[in-house]
Every structure is written in structure tokens, then in C-alpha cells.
Amino acid sequence: MQVNEEDRITHGKQVASSNSIVWGLALLVVVLAGGGWYYLTRDETPQQSEEQAAVSLPDTAPEQPLPTEAPVPEPEPQPVVTPQTQPAVATPTTPPQEPLPALAESDKFVHDKVVKMSDGMDINPLLNENDMVRQFVVFVDNLAQGELARKTSPMKAPTQKFTVSDITNKTYLDPDSYHRYDVYADFVSGLNDEQLLATYKQMLPLLDKAFTELGYPNITFNQRLQQAIKVLLATPIIEEPIELCSISVNYKFVDPKLEALPDAQKLLIRMGPDNTRKLKKVLRRLQPLLPQ
């Protein structure tokens, strides 16, 4: 596969933004370091006051001590302060990072991570567990282009049948069909953002390696994922009944605007407005948190 011009432009913008942040931080460090250098090396010798400058010492010391006008009181003894021993503060330790398996041997590792994130939900029947990382990467790559690679979907298709409603000689998408995707939308919307991002960052080297195998120059998997998210977020939410027409054994949208949408967006429309909102909410929340 070849990367189109839009991919390259997007990549360039992201790199420029990242470099700006790096240079901004570097400038801040230089300014703070310069200020610290000035503070530590400035002349701290106290200047003499006018009163101190007017006092002169005699050339020779007197034989007897000079009389004083009043006896100088002896200083009162100060109470001895016993230093208190501060309790030792335990330094938090970062748990060791779990080592990543080789890409070809990562299925069990990825499966266990997904099950852990599901927080008790029985996700096993929905998972495609063969070559999970590569399948996911190819699926995201296709989503970024508006396409659906069903054979590489990380999850299995719903088992419930797709249904339509015939009303006054017209065929409409049956709203009950939306519920076929409830379990998928509930799974995604129920994920813990912090745990999901931590797992994603941990697995990113595996994802990058699998993405490199696709042969794309000058683009990372994370940038491809951001493109896929933008495609999905651009999906319209359709509240009114959706008219269909049959083509052979399949159906297509009668509305030419809907039919012209990318397949990835058509999938969200078939999931129904409620499930689409759930997925979009999660995507909007996670999009700015993903590494750039």
C-alpha cells in the first residue's frame, strides 16, 4: 500500500507541532537555568552602611579597658532543643514494566490485556484471537481510509440477524437491528480511560512493528489511528427512519448522501444513533490524550 499526499501533509504538521513543543520546553529550561546561575553566582558581600563607615579604630590599644556607662547583662541561657527524629517517608516505587512478547507470540498477552480491561464483562465470545495485533493494525489502517476490512476485524460480527420493516411499499432499516451492536458500544463506553491509555502505550511497540510491515513511509501507527478516529467522528447521526432498497441479497441506503458515505461510517449508522453517540463520546475523550 502507498501513503497518499494527505497522509504526508498530516504527518508533517504533527511533526512541526511536536518540534515546537520541544523547543518551547528547551527555551524554558535555558531561561530557568540562566536565572539559577545568576542567583547562585551574584555578589552576596554585604555593603557597609554610612554609620559603620564613620567608625574608626584607635591607632593604639588603651592600657586599661574603657569604662562603660552601664553593666552589660549576662546573656540568659537558652533552652536546649532536642532535634526530633523525622519518620522515614517511604519513596513510592514504580512497578516494573511487564516485558512485551515477540509480535508472533503476542496473542495471549493481548487477549489477557483486553479481558482485564473488560472489568468482568464476558468479552471472550466477541474476540478474534488469531494474530490479534496484526489484524487490529490492518483494520485501523482500513478505517483511516474509510473502508471496512471485515476479515481482519478484532471482534466477531453480531450473531443476531439484520431485519428490515416494510411500510407502505417502502423498506426501512428496523430499529431493533440497532440493538445487535449494544454489547460492542457498551464494552467500549465502559472502558476505563486511564487503563486503556496505559495499555495502549505499553502495546505501542508491537503495534508500530506490525504497522511497519505494511510498508508505509514517514507515518506512524499512532498517526494512522488518529486519522481513523477523525473518519469515525465525521459520521452523521441519523434519528429519522432510514429507507433501504434491496440489491440482490443485500441492502443499500436509498438516500444518495448516506450511500456515498465511507463504509466505516455506514457501519456506525447501522449501529443506530444511541450506539453511535456512545462511541463518539469515547473517541472525543481519548483523541487528545493519545500520544502525538
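## Exercises on a predicted model

Asp 174 sits in the loop between β2 (170-173) and α5. The model is a predicted one.

### Exercise 1. A serine in a loop

Solution. 
1. Set aside neighbours within four places in sequence. Ser 106 then contacts Pro 101, Val 133 and Leu 206.
2. Arg 134 is 28 residues from Ser 106 along the chain, and their C-alpha atoms are 10.0 Å apart.

### Exercise 2. Salt bridges, local and distant

Task: The structure holds ten salt bridges. Take the pairs of Lys 108, Arg 224 and Lys 278, and find where the partners lie.

Solution. 
1. Lys 108 pairs with Asp 112, with 2.8 Å between the closest N and O atoms. Both residues are in helix α3, four residues apart, or about one turn of the helix.
2. Check accessibility for this pair. Lys 108 has 60% relative accessibility, so Lys 108 is exposed. Asp 112 has a relative accessible area of 36%, so Asp 112 is partly exposed.
3. Arg 224 and Asp 141 meet in a salt bridge of 2.8 Å, N to O. This pair links distant parts of the chain: Arg 224 is in helix α7 and Asp 141 in helix α4 (residues 132-144), 83 residues apart. Both Arg 224 and Asp 141 are buried.
4. Lys 278 bridges to Asp 186, and their closest N and O atoms are 2.7 Å apart.
5. Lys 278 is partly exposed because its relative accessible area is 31%. Asp 186 is partly exposed because its value is 37%.
6. Finish with a network. Salt bridges link Asp 131, Arg 134 and Glu 213.

### Exercise 3. Ring geometry around Phe 211

Task: Classify the ring pairs that Phe 211 makes with Tyr 216 and Phe 221.

Solution. 
1. Count the pairs in the structure: there are five aromatic pairs.
2. Take Phe 211 and Tyr 216. Their centres are 5.2 Å apart, with 10° between the planes. Planes under 30 degrees apart count as stacked. The pair is stacked. Both residues are buried.
3. Take Phe 211 and Phe 221. Their ring centres are 6.0 Å apart and their planes stand at 65°, so this pair is edge-to-face.
4. Locate the second pair. Phe 211 is in helix α6 and Phe 221 in helix α7, so the pair ties together parts ten residues apart in sequence.
5. Check burial. Phe 211 is buried because its relative accessibility is 2%. Phe 221 is buried because its relative accessibility is 0%.
6. Phe 136, Phe 211, Tyr 216 and Phe 221 form one aromatic cluster.

### Exercise 4. Helix α10 and its cover

Task: Compare the span of helix α10 with the expected value, then say what covers its buried residues.

Solution. 
1. Helix α10 covers residues 273-286, with 14 residues.
2. From first C-alpha to last, α10 reaches 20 Å. That is close to the 20 Å expected at 1.5 Å a residue.
3. Pick out the buried positions. They are Pro 273, Asn 275, Thr 276, Leu 279, Lys 280, Val 282, Leu 283 and Leu 286.
4. Identify the cover. It includes α5 (182-189), α6 (193-212), α7 (221-233) and α9 (263-270).

Definitions and conventions: Residues are numbered from 1 along each chain as its sequence is written. This is a predicted model: local features need pLDDT of at least 70, side-chain atom pairs count only at pLDDT 80 or more; totals for chains, interfaces and linings use all residues. Side-chain values use heavy atoms; hydrogens and water are left out. Helices (H or I, at least four residues) and strands (E, at least two) are DSSP runs, numbered from the N terminus. The expected span of a helix is 1.5 Å times one less than its number of residues. Buried means under 20% relative accessible area, exposed over 50%, partly exposed in between (1.4 Å probe, protein chains only). Contact means heavy atoms within 4.5 Å. A salt bridge is a side-chain nitrogen of Lys or Arg within 4 Å of a carboxyl oxygen of Asp or Glu. Rings of Phe, Tyr and Trp (its six-membered ring) pair if their centres lie within 6.5 Å; planes under 30 degrees apart count as stacked, over 60 as edge-to-face and the rest as tilted.
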